[in-house]
Amino acid sequence: MIGGSIAGTLAAAAVAPHFAEVLLLDRDELPDEPVFRKGVPQGAHFHALLAAGRQAMDELLPGFSEHACAMGAVRLDSAENVMRLDRVGWSPRFRSTLEFLMASRPLIEKALRDKAGALPGVRYESGVEVTGLVAQSGRVTGVRTKDGREVCADLVIDASGRFSKAVEWLEELGYPAPTKEIVNAHWGYSSTFLRVPENWSPGFQALAVTPFGEGALSAASASRAMAMWVVEGERRWILTVQGSAGDHPPRKEAALREFISSIGVPELVKALDDVEFPEPISMWRDTRSRLWDFAGQPNRPEGFLAVGDAWMGFNPVYGQGMTAAALEARDLRDELSAHLDATTGDLTGLPERFYAKADTLIKYCWNSSNTLDHRIPGVEYTVDGEARQVEPSSSDFSDRLAAYMAQDPERYVRYRETTQLLRSPEWLSSDEIVSAVKANWDELGQAVVPR
Ligand SMILES: Cc1cc2nc3c(=O)[nH]c(=O)nc-3n(C[C@H](O)[C@H](O)[C@H](O)COP(=O)(O)OP(=O)(O)OC[C@H]3O[C@@H](n4cnc5c(N)ncnc54)[C@H](O)[C@@H]3O)c2cc1C
């Protein structure tokens with residue numbers, strides 16, 4: 001495994017039952033505590049773990065959620081404890097059956113690593129940088145490391161993240177690069193950890209506001225967003241502030257508070273009145289969605305797979321990265337097991353089989369985040385470096401659909417389960433739902449109140 005972060009750890013759990021040894025090489029020193037590390041700079045920003053991702057993590061590494069909670073992660077009710085404002089207003093609050101696990105990115109990674117590290121045969125080697133692939137007769141047979149070693153493996157999995165060099169390494173071996181698609185809606189982040197007062201009870205454990213987008217009353221409410229939620233224990237919260245279309249949040253506390261206040265939602269200002277900013281503010285600017293189309297690659301070596309952000313680095317705003325890594329790992333577990341049964345132990349053909357299966361999910365995530373990014377002014381879309389025209393779809397139906405879902409608690413939970421990838425989205429385009437939305441078109445349209 002190249003990279004011992006979230007995707008590498010989950011892929012290790014997926015393959016561990018079938019290999020005598022699973023070795024995860026990471027160029028970072030992997031810390032014993034759930035703390036920030038330089039190889040994962042995004043750890044300073046909030047990480048929403050979708051319910052489907054958490055479910056898959058628990059399947060791959062049983063006891064993950066309990067362990068994370070013992071380390072300080074918090075479970076909360078996705079409807080009752082969350083205040084969320086989007087184009088169709090504040091989401092309904094009621095006791096529901098959909099639970100979220102809130103934690104910092106370093107805590108999620110550490111809880112997963114603890115669980116995977118306890119599996120038979122799984123071993124992490126820190127401080128080892130992979131610098132290339134070794135191949136023979138159409139098959140990747142290992143990796144080269146910066147300290148001059150060649151490490152042999154029956155299967156090499158690249159989980160080295162957004163800045164993976166695997167495509168360059170494959171090209172060095174004579175394999176053509178997969179098609180590369182990039183969507184850039186020029187989002188930027190500023191984040192910090194907050195200290196909240198003892199026994200603070202603001203009436204929520206998570207507060208999130210999305211940009212209003214088209215039809216907003218001000219440029220700030222069109223492009224700016226923020227979220228804050230409890231991450232560890234009672235008093236450590238995280239705040240992430242976002243801006244799209246190049247309208248990026250600043251790094252200084254006073255300017256950041258001003259940026260948030262400009263969104264024009266008094267609840268945000270009130271929530272921040274009580275809290276302190278004891279830690280530095282971190283920025284993140286490279287929010288491009290980048291897909292290497294490994295599934296469509298015409299000529300690929302055996303013995304090599306890419307997973308997680310190394311395959312597709314999503315625009316982080318849509319919170320899909322960790323979940324995609326977990327769902328891919330579940331596909332890998334299932335496909336590997338079925339493949340080995342069918343071939344009596346031969347790994348030939350596994351990459352094709354894995355990509356064909358996991359690609360459905362990857363393309364679903366890719367299309368759903370791009371649909372939203374394509375509506376942002378100035379968005380850029382390139383395929384292999386060539387600019388392509390973007391055709392934004394109208395939000396007329398999706399706005400009304402969201403408003404219709406919010407009218408009924410049971411329907412709303414099903415809807416949230418769908419956006420959390422727990423439920424297939426087909427029912428949202430069923431005749432029953434589409435007719436109901438069309439029958440109430442004007443009334444539902446009034447739920448979209450510009451701010
Ligand atoms: C600002 C930001 C916010 C995000 N927010 C969310 C969110 O809300 N929800 C969500 O689900 N996802 C979010 N993501 C995405 C999420 O961080 C990733 O999807 C997730 O961490 C899984 O990534 P990964 O394991 O593929 O790669 P990473 O976590 O980036 O890990 C790559 C690992 O590979 C190691 N490595 C790199 N190169 C080498 C090498 N040559 N040799 C050895 N080791 C190497 C690194 O040290 C690192 O440990 C966000 C991302 C960003 C940038």
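**Close-up views of the cavities and the ligand site**

The structure holds two cavities of 30 Å³ or more. The model is predicted.

**View 1. The largest cavity.** This cavity has a volume of about 80 Å³. Its lining counts 13 residues, and V35, R37, R105, P106 and E109 are the closest to its centre. By class, the lining of the largest cavity splits into six nonpolar, one polar and six charged residues.

**View 2. The second largest cavity.** Here the space is about 40 Å³. The lining is made up of A7, A11, V307, G308, A325, E328, A329 and L332. Two elements, α1 and α9, each give two or more residues to this lining. The largest share comes from α9, with four residues. Six of the lining residues are nonpolar, one is polar and one is charged.

View 3. A polar side-chain atom of D309 sits 2.7 Å from a ligand oxygen atom. A polar backbone atom of G321 lies 3.3 Å from an oxygen atom of the ligand. At F46, a backbone N or O atom is 3.4 Å from a ligand nitrogen atom. How much of the ligand's accessible area does the protein cover? On its own the ligand has 1,000 Å² of accessible area, and the protein covers 97% of it.

**View 4. The shell around the ligand.** The ligand has 32 residues around it, and S5, D26, H47, R105 and D309 come nearest. Which elements give two or more residues to this shell? They are α1 (6–15), β1 (22–26) and α9 (321–343). The most come from α9, which gives three residues. The shell holds 13 nonpolar, 13 polar and six charged residues.

Notes. Residues are numbered from 1 along each chain as its sequence is written. This is a predicted model: local features need pLDDT of at least 70, side-chain atom pairs count only at pLDDT 80 or more; totals for chains, interfaces and linings use all residues. Side-chain values use heavy atoms; hydrogens and water are left out. A residue is near a molecule or strand if one of its heavy atoms lies within 4 Å of it. A polar contact is a pair of N or O atoms within 3.5 Å; within protein, one must be able to donate a hydrogen and the other to accept it, and residues adjacent in sequence count only if both atoms are side-chain atoms. Accessible areas come from the Shrake-Rupley method with a 1.4 Å probe; for residues, only the protein chains shown count as cover. Ala, Val, Leu, Ile, Met, Phe, Trp, Tyr, Cys and Pro count as nonpolar, Asp, Glu, Lys and Arg as charged, and the others, Gly among them, as polar. On a 1 Å grid over the protein atoms alone, a cavity is a set of points where a 1.4 Å probe fits but cannot get out, and a pocket is an open set with protein on both sides within 12 Å along at least five of seven lines; lining residues have an atom within 4 Å of a point. Grid points are joined across faces, edges and corners, and a volume is the space filled by probe spheres set on the points.
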